[in-house]
Amino acid sequence: MQKGILVAILLTLVVISLGAYTRLTDAGLGCPDWPGCYGQLLVPTSSDAVASAQQNFERPLEQHKAWNEMIHRYAAGTLGFVILGLCIAAWRYRQKRALATALLVLVIFQAALGMWTVTLGLLPLVVTAHLLAGFATLSLLVSWYFVRQRSFSGFSRMSPFLFLGLLILIGQIFLGGWTSTNYAAMSCHALPVCEQGWQESFDLSAFEPLPDTPRGDYEYGVLSHAQRTTIHASHRIGAAITTIYLLILALIHIQRRHSDFERGRAARMIWVLLLQVGLGLSNVVWQIPLPIAVAHNVVAALLLTSLISLIVAHHQRVQPALVKESDYEQVSKPAVAA
């Protein structure tokens, strides 16, 4: 079971990476229908298939964008079958049935969001929800992997601060998704927040969930420059708040906790956090190069998993005498009958 969960985690990271690549290469509508592509299971390549696609669909076929979109769909579909298998195994062996069922329901909903992403013409609310659902899938899988059969020690005085950190990080991931889906990534070029005067043009209507579009879809964005600047500036302010809060949270755990296991996870979160900040700055300096932009999405997912693993570690019961992570792993193993 554990190996299957680990495979699902890795596959989810691949799907998140492919989703980011698809979005950043403007391939979200590379196939204007769903679940196929121009009425076929595979991207049309033969001359007859291409001619049929051009005749039956208004949107011209761009094969490189179509392949980006379909590879993402194939990977997402594979992940769905893996999670279905894990859910069946969980019910069969009576392990974390509620969590496994929630994952399956979430993946089904994620598939629906993928369909609506296409049929609603890249509506930012739906595309952002699609992104968040992917991160939620990863979160549940990571929680399942780390929880296993270990007992919990209950909540502590630090618990509210940990969960507040999780909410702040989720909010920042939303702002990142909203920036990308509204094509606002290039709206600010200056550091630390934006160009001078951005405060005067700050417009909260940029966060309206259903903006009007005169052309029937939202590709390349429909918001004004002032609205996009508002979104981008909000994302940068959110990044500063998230970085400061998570850094303090991790340092507190390193200084005050006696378990090397928990301190190790806090230290790993700091390294991932610093990497994410570096990638964000690199996006500004080098004007959103594709590899760095994709990495920024993937490391955001890794940062989320780092925080979740820290939360799980904080609430798991560890014997006081054990201070090494290897000792903790030994305690977590079920006893073998003689």
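**Loops, cis prolines and a pair of helices**

P192 is found in the loop between α6 (159–181) and α7 (225–256), where helices are DSSP runs of H or I with at least four residues, numbered from the N terminus. The model is a predicted one, in which local features need pLDDT of at least 70, side-chain atom pairs count only at pLDDT 80 or more, and totals for chains, interfaces and linings use all residues. Residues are numbered from 1 along each chain as its sequence is written, and side-chain values use heavy atoms, with hydrogens and water left out.

Most residues other than glycine have a negative phi, and most peptide bonds are trans. Against that background, the bond that joins L191 and P192 is a cis peptide bond, with omega at about 5°. Another cis peptide bond, with an omega of about 5°, joins W34 and P35, and P35 is found in the loop between α1 (2–24) and α2 (47–56).

The loop between α6 and α7 also holds Y183, a residue that is not a glycine and yet has a positive phi of about 55°. Y183 has a relative accessible area of 23% and is partly exposed, a class that lies between buried (under 20% relative accessible area) and exposed (over 50%), as found with a 1.4 Å probe and protein chains only. With 26% relative accessibility, I288 counts as partly exposed.

Two packed helices are described by the angle between their axes and the distance between the axes. The axes of α8 and α9 come within 9 Å and cross at roughly 160°, the axes being lines fitted to C-alpha atoms over the stretch in contact, with angles that run from 0 to 180 degrees between N-to-C directions. This makes α8 roughly antiparallel to α9, a term for angles over 145 degrees. In the contact of α8 with α9, the residues divide into 17 nonpolar, eight polar and two charged; here Ala, Val, Leu, Ile, Met, Phe, Trp, Tyr, Cys and Pro count as nonpolar, Asp, Glu, Lys and Arg as charged, and the others, Gly among them, as polar.

Finally, helix α3, which covers residues 63–93, has 31 residues and reaches 45 Å from its first C-alpha to its last, close to the 45 Å expected at 1.5 Å a residue, where the expected span is 1.5 Å times one less than the number of residues. After α3 comes R94, whose phi is positive, near 55°.

Conventions:
Helices (H or I, at least four residues) and strands (E, at least two) are DSSP runs, numbered from the N terminus. Angles under 35 degrees count as roughly parallel, over 145 as roughly antiparallel, 65 to 115 as roughly perpendicular and the rest as oblique.
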